[in-house]
Amino acid sequence: MSQRSMNRLRAEEISVGYPGRTVLDAMSLDIPDGKVTAIVGPNACGKSTLLRALARLIPTQGGRVLLDGRPIEKQRSRQVARRLAILPQSPAAPEGLTVLDLVRRGRTPHQSVLRQWSRADAEAVERALSLAGLEGLSSRMLDTLSGGQRQRAWIAMALAQDPELLLLDEPTTYLDLPRQIELLALIRQLNRDAGLTVAMVLHDVNLAARFADHIVALKDGKVRRQGPPAEVVTAETMQEVFSLPCTVIRDPVHGRPHVIPA
Amino acid sequence: MRVDSAGRAPVRADRLLDDVSRDHARQARRARAGRSRRMALLASCAALVLLSALALRLGLRPVGWADLAQALIAYEPTDPEQIVIRELRLPRLVGALLAGAGLGIAGALMQGMTRNPLADPGLLGINAGAAAGVIGGTFLFGMGAPSQQIWLALGGGALGAAAVFALGGGAQASPARLLLAGAALSAFFLAMVRGLLLMSRQSLETYRFWVLGGFDNVTAHTLGALWPFFAAGALAALAAAALIDALALGEDAARGLGVRVGGARLLAGLAIVLLASSTVAMAGPIAFVGLIVPHMARAAMRNDMLWLVPCAGVFGAGLMTLAELAGRSPLFGGAMQAGVMSALIGGPALIWLARAKEGRMS
């Protein structure tokens, strides 16, 4: 296979676990370039672990994660952070920070002791704020924001890294439905307009079917199915992966598959 | 404009206009906030210079501005007034400035790294280690001279902190484990010190003198020996500032930003140890400054290490100098220890800050 046809982020036979428990066993997976990928599966199936391994937040015991064709743990973490941003699950900021303070920290991988704040940093922060729709809120204290706004501030921090790949671990947790839709629409817009490759862990299969181009269904640390929503979100797969008896219909508005539990 | 049956569009337009004007106000406020931090820092620097000049002039023997300027620019070693300034007050002032700045910065790093607003460099076992070093050296090797004490305290403090880091789990140390290890080792060191004090009268004399500390015995020699440690500590603190800011977002977020978590903690720890051990070596254990100053700095600078580090340095230097100056005033008999005075000034300031914050939150 030539270098060119390979996807930028892929896992090759990775095994990940904690002492006494193997979570992922020799799993291989490609994150398709330029698409929105949703990773779904029942609780404790290893989806967060997979995402964290892809983002080099936890070490792999076997196999390797490749970013741009090279093992990710062999690359300098700062260099990785300029291409790949990760938003951990329910991140917490210390009190006394404004939105701008938070978003500016996204520039950490672009700075060093010798190279402090620059014009490029300021521009990237402005761009990130505007992409996340937060221009008017940048001087607000984080703890005065609504949940949806706060999550967008974290996304803006990830965008300030100027990444080409964005990984998100359950970005919609603790948000009400309108805010979930708003956030996923924002993520898809970032993919369409800014060309960002996105991979995210999602709980809700219907939302995944609605907003993702590519769905990866995990169970017991293994990939059971992957492909476009129409191929993955079927009654058969739902039964196999979630043990959920259901009917899958075509959503009359968006034409995506929609799960109706029996 | 499309208006739906519920007439929602006009409302939205109003809201939009409202939002736009609010945006402008916010942007202006943000620009002001950025400027105001810089202005606050500059103003504090100016106040510190003024305070320093005052500290040089005032004392049992007040000195005029002309003599002060003369002593600093063109020193005349025969003029008694200038001798007082150069030989007594200048080393004392520089000592207070360095100690205050060192403790302030070390405290800011401590509180940022452990995410604990009550953390203080003393909790890392540095003060107890330094005391153990001084008393152990005196007892075992009869090293009681002030010039030897500096190195005993510096070595003891650094060793104490290293032991705390090792016990706390090294590069994987969690803040909670560090604080526990610090508390345990401090108790151990102090028990050792007490044991030695009971056994040896000479150690007791040395200890009594050392533990009161202060800046009366700071000489040009002391400063010459210790300033490289302060400088290295300040540089390490500035280098660690951005990393601590990233770590404050959680370990996963920090790793995602490309920060090596263990390395960042080690660098910050190195800065804390350098600054706090040099301070305790120079002036004995000074409590409270490292605890209070970061709170004052945060009130002025928000929770942003790159601003907090320089600000805590300036505020700490100011508080220490003020305490030193007040301690020498006739009001306190002219000889109150700076460490006692800094607690007397800082304690009420901390209570006031805590109350002001509570008021804001409710």
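This is a predicted model: local features need pLDDT of at least 70, side-chain atom pairs count only at pLDDT 80 or more; totals for chains, interfaces and linings use all residues.
Colleague: How many bridges pair strand S1 of chain A with strand S4 of chain A?
Modeller: Strands here are DSSP runs (E, at least two residues), and helices are runs of H or I (at least four residues), numbered from the N terminus. Two strands pair if DSSP finds at least two bridges between them. S1(A) covers residues 9–18 and S4(A) covers residues 62–67. They pair in the antiparallel sense, and the number of bridges is five.

Colleague: Which residue of S4(A) is the bridge partner of Arg10(A)?
Modeller: Leu9(A) stands opposite Leu67(A) in S4(A). For Arg10(A), the bridge partner in S4(A) is Leu66(A).

Colleague: What angle does helix H1 of chain A make with S1(A)?
Modeller: H1(A), residues 47–54, packs on the sheet and touches S1, S2 and S4 of chain A. Contact means heavy atoms within 4.5 Å. Axes are lines fitted to C-alpha atoms, for helices over the stretch in contact, and angles run from 0 to 180 degrees between N-to-C directions. Here the angle is about 120°.

Colleague: Why is one side of S2(A) and of S5(A) left without a neighbour in the sheet?
Modeller: The sheet is open, with four strands in the order S2-S1-S4-S5 (chain A) and antiparallel pairing. S2(A), residues 21–31, and S5(A), residues 70–71, stand at the edges, so each has a single partner strand.

Colleague: Which residue in the hairpin of S4(A) and S5(A) takes a positive phi?
Modeller: Two bridges join these antiparallel strands. Leu66(A) stands opposite Pro71(A) in S5(A). Two residues lie between the strands, and the one with a positive phi near 55° is Asp68(A).

Colleague: Which are the edge strands in the open sheet of six strands?
Modeller: The order is S6-S7-S8-S3-S9-S10 (chain A), with mixed pairing. Each edge strand pairs on one side only: these are S6(A) and S10(A).

Colleague: Which residue of S8(A) is the bridge partner of Leu166(A)?
Modeller: S7(A), residues 165–169, runs parallel to S8(A), residues 197–201, with five bridges joining them. In S8(A), the partner of Leu166(A) is Val198(A).

Colleague: At what angle to S6(A) does helix H5 of chain A run?
Modeller: H5(A) spans residues 147–160 and lies across S6 and S7 of chain A. Its angle to S6(A) is about 160°.

Colleague: What area is buried between chain B and chain A?
Modeller: The contact takes 23 residues from chain B and 36 residues from chain A. Buried area is the accessible area (1.4 Å probe) that two parts lose on being put together, summed over both. Carbon and sulfur atoms give 52% of a total of about 2,400 Å².

Colleague: Which residue of chain A meets Asp245(B) in a salt bridge?
Modeller: A salt bridge puts a side-chain nitrogen of Lys or Arg within 4 Å of a carboxyl oxygen of Asp or Glu. The count between the two chains is five. In one, at 3.1 Å from N to O, Asp245(B) meets Arg105(A).

Colleague: Which element gives the largest share of the side of chain B that touches chain A?
Modeller: H1 (8–57), H8 (220–247) and H9 (251–256) of chain B each give two or more residues to that side. The largest share is five residues, from H1(B).

Methods:
Residues are numbered from 1 along each chain as its sequence is written. Chains are lettered from A and ligands numbered from 1 in the order in which they are written. Side-chain values use heavy atoms; hydrogens and water are left out.
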